[in-house]
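Biologist: Please take a close look at one part of this model for me. Then place that part in its surroundings.

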Amino acid sequence: MKSTEENSLMLRLNQPEQQRQAFEELVNLYGPQLYRQIRRMVYDHDDTNDILQNTFIKAWNNLDTFRGDARLSSWLYRIATNETLNFLQRRKDITPLEDAPSALAAQLTADEYFDGDETELLLQQAIASLPEKQRLVFQLKYYEEMKYEDMSQVLDTSVGALKASYHHAVRKICDFFNSRD
Amino acid sequence: MKEEDFIRNKCGTGNPFKVPEGYFEQFTAQLMSQLPEKDARPAPAIPLRRTRYWRMARYAAAAAICSMAFLGTYYLRIAHSAHESHTAYQATDATSEKVYMDDMLDFAMVSNHEIALYLTDAY
């Protein structure tokens, strides 16, 4: 999104009479990409729906605190990422996964909303085997093509650390494929 | 990056995760109906600085009361024990002097008879 369009949306979000409609536009604009990002982390559609809903409710409740230092999209990604990590932590506490890739393969095969071939399934298994932070970095860079500078604001991590994290993630995924060939 | 190209060539960057038909339209409508009105927000929370001040003041008052109670008890105990030891010293003063004299005479190996003679100038 161009910064001028984002600025225009921000201006309307700050005006009480236009705030609600502007927020609806915000949900329509960023909903699908935030959904993709959350879904790639938690995999299940219903869980993704809950997290996405919480993300936008938090954004609405904290709209007054957003000062515009960061981009609006970065702010939303940051809320969504925190919500997702909290969810994953809670889920890990309840049902720790001993073998994440195998469990994920079974889950995705049974998921009616997963439409990937065998190679895609392997890629998802490879991504699932990564540490959470590396998974996040990989998804944001590989799929969303987010710039490291923006990612730095979302994940509150230095650009150098993000680059290293992405490099490690890519290498591990390659190793995962090589071990299966 | 060579390894990144390997993944791109093998898997692409497509999105295998689908959503139910009309999901995003329904999501927006449902979400917007759930959002509270900005005016109907709950009462503003007490500012952090104010709550922190009152909490600190309460802790300080509790600490002061505890300190005063402790110091008061401590001084009372000291004063009481000083008084008791003084009285006990007075009571035992005469007795201890007698014991001291007896011990001294025993170690000097002087008999009572010799002492009597000495005291009556008959020695």
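Biologist: What should helix α7 of chain A span at 1.5 Å a residue, and how far apart are its end C-alpha atoms?

Modeller: First, the ground rules. This is a predicted model: local features need pLDDT of at least 70, side-chain atom pairs count only at pLDDT 80 or more, and totals for chains, interfaces and linings use all residues. Residues are numbered from 1 along each chain as its sequence is written, while chains are lettered from A and ligands numbered from 1 in the order in which they are written.

Now α7(A). The helix has twelve residues, 132–143, and should span 16 Å. Its end C-alpha atoms are 16 Å apart, which agrees. The expected span is 1.5 Å times one less than the number of residues. Helices here are DSSP runs (H or I, at least four residues; strands are E, at least two), numbered from the N terminus.

Several α7(A) residues are buried, including Leu136(A), Val137(A), Phe138(A) and Leu140(A). Gln134(A), Gln139(A), Lys141(A) and Tyr142(A) are buried too. Buried means 20 or more other C-beta atoms within 10 Å of the residue's own; exposed means 12 or fewer, partly exposed lies in between, and C-beta atoms are placed from the backbone. After the helix comes Glu145(A), with a positive phi near 50 degrees.

The largest nonpolar core holds 41 residues, and Val137(A), Leu34(A) and Leu76(A) have the most contacts inside it. Such a core is a set of buried Ala, Val, Leu, Ile, Met, Phe, Trp, Tyr and Cys residues joined through C-beta atoms within 7 Å. Elements giving two or more residues include α7, α2 (16–42) and α4 (72–94) of chain A, and also α1 (2–11) of chain B. α2(A) gives the most, eight residues. Domain 1 (1–96) and domain 2 (98–181) of chain A both contribute, so the core lies between them. Those bounds come from an automatic or database domain assignment.

Leu76(A) touches Tyr30(A), Leu34(A), Thr55(A) and Ala59(A), leaving out residues up to four places away in sequence. Contact means C-beta atoms, placed from the backbone, within 7 Å.

Next, the partner chain. The contact takes 20 residues from chain B and 29 from chain A. On the chain B side, α1(B) gives the most, with six residues.

Of its 181 residues, 30% count as buried. Among contacts between residues at least 6 apart in sequence, 62% join residues at least 24 apart.

Key: Two residues are in contact if their C-beta atoms, placed from the backbone, lie within 7 Å.
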